[in-house]
Amino acid sequence: MNFIRTSGAVLALTALMCLSACGSNTPTADITASTPTSAAQLTALAATKAPSRLRRADGTSKVSTFDTYYALPDTTTLDLLSKRDISFVQPGITPDQMRALQNTGYAAVYLALGELAVDNLYIDGGVTKTGRQVKADHLNDSPKWFIGTNGNFGAPILNLTTPAVRTFLVNNAGALLDRGFDGLFLDTIDDAEFFSNADAAGPTTAVYIEGAVTLDAGRPNYAAMKRAYIDTIKALRSALPSALLIQNGGFDLLLDRENATDGSQGYVDGVMHEVAVTKPNKPSPTADDTVWPFAPQNYETWEQYYARSTPADATRDRAYRANRDNHALEYFRAGGIVFQQDFGHPDNYMVQCASYLYAKNVRTQERRDGWLAAYSDAGFQRAYDFVETSAPVRAAPGCSAYDKVTEPDFSTTFGPSSVNVGAGRTATTTLSIASVNGYAGKVYLSLGDLPAGVTASLSQTSVTPGPSTKVTLTLTVPSTAAAGTYIIPVQAQSQGESMRYDLRLTAWKTTGDSVFVAQAGLGKVLAYDNSASLTSTSAPARSLPTYSVQQVWNIALDSQGTQYVVDNVAAGKVTRYPSYSLNAGAGIAQLGNLSYPTGVAVDPQDRLWVVQSGSMPNGTAVTTPHVGRYDGGAATESVGFNVERTLNLGFPQMVAVSGSTLWMNTNFGLILKYDVSAAPTLSGVYAFPTKLNDLGGGSLTVRSGVLWLSGKNAGTSTIASVNIAALPTPNGPYSVNGDVAVTKSITSGLYEPAGLAFDGTGNLWVVNKTGAAGVAGTNTTDPGSLVRFPVASLGTATPTPNLNIGLGSRYPVGLAVGKP
């Protein structure tokens, strides 16, 4: 929020529609409470002053571009913001949008310190509430939580001298950062100036009114509030030592020399200097706030404003602006980063030139980087670039020296933009380096300081960007690493200029096996970690976004925790998701144009076997079924064979591999056995007419010489265990009755069972495609479930499950269990 001293008073620039605590009409995303900090714990924390985290050890700035954007970005805007080094955004952006911003930059989230945003969501006492609810719940607290109101936005002014209020803000800051933001954009700090004006106007025992702002009688004085603002920032730094903190305004709180050697400098990493050079000019009090900010004539420089003011007002306003400029400059000289946020329109060249040249001149005179300029509309609803220099631009008033051009350069992006990996595992990402504006020089790559224990290597350290220049970054996380997000800095240098690109590496640490469910009913994969600790109310630790895969049918795991996900459609595919990467939503397309793929399995050599069923899910024939083996992540098969339709074996569905034997079930109720030690050969066809006569919708797995099958027998949902050694002698391509080899039939807790998998301790996990009501036909929406049969129960005559987790929708199908 910005304030301008005019005619002896500090008046809110109400034209800046979205700069207050409640300045965005965008609904904020729900937030989840992290471990809360108590008032006593907060008092015990110690904050240490440090150089800006946005400067490198050599003093150079890590950032040279920024944007402030308070709407939910569309694709075009997100692409523009993703090219900024840091973006200041509202909490309502999605995880995918956040990751786009963090591809090569930082994302700092809005948090008002001086006011309560009545329409935003907060955590209060572990409960999610709106700001209005928080106000109602604490309106009569003692000490007071609220000591006034900003009537421009209906926002209660917070009493930061109250310890409970500071604790509330720290806990909400922690909850925001737990969502993955890099830092906090601390707004409404300029509210402290109201208390200065109020002290000058009269005693604190009287109500003070300034424009639309009211301060209550009995409020703290300016000295106490000024100290409280600084102490709140210190508390944030204490509780969140690695977070970026950007202070918006509040220049009287900033410098140590003006605040008993303990201002906010050293606790914050940068300060925003809003309306530094240009300002909006709302044409009339009744002008439509959805229209006027997007007209170029409604912006002006301060010099234009002074020219139309009275001499007395111009002199007073110049002094006020000069005080802010001087504070920002002193902070900059002390090593801080200054974000010069101006306002304008792409068609108003004069305001752009004034903003751009002011920042450039500061950097030139001070011989250092880190004073950044940007401009926006008055409501932060658009993202703009400074215009390229041209004759028409230089002809505009004040633009004769304007010289912004896009020099030949290069761009660097990560794919994937963030990496998830389990402790003790290795992961890779690709750096794509492209020429911009004809750049033809070398780009030299190096790694910065790595987190403790993490090792990293680049496949190349010197490249000349071309149409498709790619470098592989390989990362290994030690098994001793703590779970959390780490920064992997990659330095790209050319022609004496250096840029740092930060890759976010999230290390996961789980115990035992994880369970993966291919939930066709929701078009997503669900991952449940720590299988031994799951309960009936456990939620997935990770999942693919809903319908990010059209028809999720099956899933398999390799020894590195890579997940292979089958999309069962006409032009089907298999997508590879590296360990722990489901939340990222963007896998690596390995295989495409498959005919209704169904089964997928990984053999002991980590080779991928894929079944193309050749039929639609309803059994309609499309083409000849085919099975292929893909080695080492290849997109072309190493070995393949057809399941000939002339043999009337049916269309194969799921697949399991044990040693050199491959097993498949078909929609004709048959089990096919292939010897794959050399060229694949059909070595057995089995039916189970009295034990399991319907295998079409089921699955299979092999463990310790036993083949486990799911399906139905005479309409009853059943799992059968088959002693492989006891199967009858095969009869070429003709089926033989395998009932004699069935050692156990399980029916308890089963409702159209599909996927089967064992965990490392011998428990059997099963996916039910529906529930009891769905089987009975009385409820077509009865959801499926994940059930577990403990190893001890499997040794009994009538095994029963000891865990049932609802899966939210009908028709989960595939299942995989193993180390993620």
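Q: What counts as a disulfide here?
A: A pair of cysteine sulfur atoms within 2.5 Å. The model is predicted: local features need pLDDT of at least 70, side-chain atom pairs count only at pLDDT 80 or more, and totals for chains, interfaces and linings use all residues. Residues are numbered from 1 along each chain as its sequence is written, and side-chain values use heavy atoms, with hydrogens and water left out.

Q: How many disulfides by that rule?
A: The count is 1. Cysteine 353 is joined to cysteine 399, S to S 2.0 Å.

Q: Where do the two cysteines sit in the chain?
A: In distant parts, 46 residues apart. Cysteine 353 is in helix 10 (residues 349-366). Cysteine 399 is in the loop between helix 11 (391-394) and strand 19 (409-415). Helices (H or I, at least four residues) and strands (E, at least two) are DSSP runs, numbered from the N terminus.

Q: Right-handed or left-handed?
A: The torsion about the S-S bond of cysteine 353 and cysteine 399 is about 110 degrees, so the disulfide is right-handed.

Q: Are those cysteines buried or exposed?
A: Both cysteine 353 and cysteine 399 are buried. Buried means under 20% relative accessible area, exposed over 50%, partly exposed in between (1.4 Å probe, protein chains only).

Q: What else is buried in helix 10?
A: Val351, Gln352, Ser355, Tyr356, Leu357, Ala359 and Val362 are buried there, along with Cys353.

Q: And what covers the buried residues of helix 10?
A: The cover includes strand 15 (278-280), helix 9 (311-333), strand 17 (337-343) and helix 11. Contact means heavy atoms within 4.5 Å.

Q: Switching to voids. How many cavities of 30 Å³ or more?
A: There are 3. On a 1 Å grid over the protein atoms alone, a cavity is a set of points where a 1.4 Å probe fits but cannot get out; a pocket is an open set with protein on both sides within 12 Å along at least five of seven lines; lining residues have an atom within 4 Å of a point. Points join across faces, edges and corners, and a volume is the space filled by probe spheres set on them.

Q: What lines the second largest cavity?
A: Lys62, Asp85, Thr104, Gly105, Tyr106, Arg500, Tyr501 and Asp502. The space in that cavity is about 60 Å³. Strand 27 (residues 497-508) gives the largest share of the lining, 3 residues.

Q: What about the second largest pocket, what volume?
A: About 1,600 Å³. Its lining has 46 residues; Leu177, Gly180, Phe181, Asp182 and Thr485 lie nearest the centre.
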